[in-house]
Amino acid sequence: VETRKVLNAAKICNVRSARLFEVEARGKFYVDKGMACLNKVRKDSAIVYFTMAVDLTESSDALIKRGNYYYQTGKLPEALNDLNRLIQLDSGFQNAYYLRGKIKAAAGNYVSAINDFKEQFKLFPEFWEAYAACGNAAFALQQYQSACNYYEQCNLLHFTDSIAAKTIQSCYESHTYKRGMQLSVDYKSKMGQENAMFLKYTGLCSFLEGDYKLAESTLSDAYKLIPNDFECSYYLSKIYLI
């Protein structure tokens with residue numbers, strides 16, 4: 001702790017010395033050792049090294065890596081402490097807000113998580129993962145219209161089949177069926193493979209918008225992939241009765 005205080009004071013005063021370089025190099029060495037342990041699935045040893053780096057230099061790299069490890073292993077309070085500490089030290093550090101938002105969302109604190117995701121893509125507008133995560137948090141809050149908007153932005157930056165399906169589902173949940181149909185036309189040409197949820201919610205939007213021919217086609221394709229899905233069966237039955 002005393003070494004870290006001296007190191008921080010030297011940084012503030014812009015004092016560079018051989019001792020300072022030595023301490024910083026030692027901190028980086030501990031981070032590298034921690035990463036090597038993670039790669040070899042020696043996670044307990046990795047945490048020891050990350051902690052040594054944090055204690056020695058309050059390394060941002062060590063904080064985010066240790067915080068991510070805690071998050072991945074379900075130690076959410078410890079993960080949040082590391083990310084709070086990191087953001088206090090360096091609010092513009094890489095994906096710090098994104099990871100803190102993921103930690104908060106995992107704990108069910110979706111409103112605060114959304115604020116962090118917004119900070120992330122404010123700092124890094126091309127960070128598509130933050131838009132996807134923001135959409136997931138809004139969806140969990142049943143804010144389906146907002147979720148759809150975030151998913152759409154994610155798809156513009158980086159298209160993925162799963163987010164495309166969530167976008168159409170958000171349109172269905174927000175009763176914006178026509179919008180869902182319009183988006184599905186664009187997304188269909190970009191899909192890597194058949195996605196059951198994409199087909200299902202495209203079909204549901206089509207049915208509720210009155211396009212029964214498209215609804216039958218897409219729901220039939222969805223039913224082949226998810227034959228036990230109640231909504232697919234129910235709406236297909238309604239189509240056959242029309």
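Helices here are DSSP runs of H or I with at least four residues; strands are runs of E with at least two. The model is predicted.

**Exercise 1. State how many helices and strands the protein chain has, and give their order.**

Solution. Start with the count: there are 14 helices and zero strands. Then read along the sequence. The pattern is α-α-α-α-α-α-α-α-α-α-α-α-α-α.

**Exercise 2. Check the length of helix α13 against its residue count.**

Solution. Helix α13 covers residues 212–225, which is 14 residues. The expected span is 1.5 Å times one less than the number of residues. That gives 20 Å for α13. The end C-alpha atoms of α13 are 20 Å apart, so the two values agree.

**Exercise 3. Find the buried and the exposed face of α13, and name the helices that its buried residues pack against.**

Solution. Take buried as under 20% relative accessible area and exposed as over 50%. Ala215, Thr218, Leu219 and Ala222 of α13 are buried. Seen down the axis of α13, these buried residues fall within an arc of 100°, so they line one face of the helix. Their packing partners are α12 (196–208) and α14 (230–241). Now turn to the face directed away from the buried side. Lys213 and Lys224 are the exposed residues there.

Notes: Residues numbered from 1 in each chain as written. Predicted model: local features only at pLDDT ≥ 70, side-chain atom pairs only at ≥ 80, totals over all residues. Heavy atoms only, no water. Buried < 20%, exposed > 50% of the residue type's maximum accessible area, 1.4 Å probe, protein only. Arc of directions from axis to C-beta. Contact = heavy atoms within 4.5 Å.
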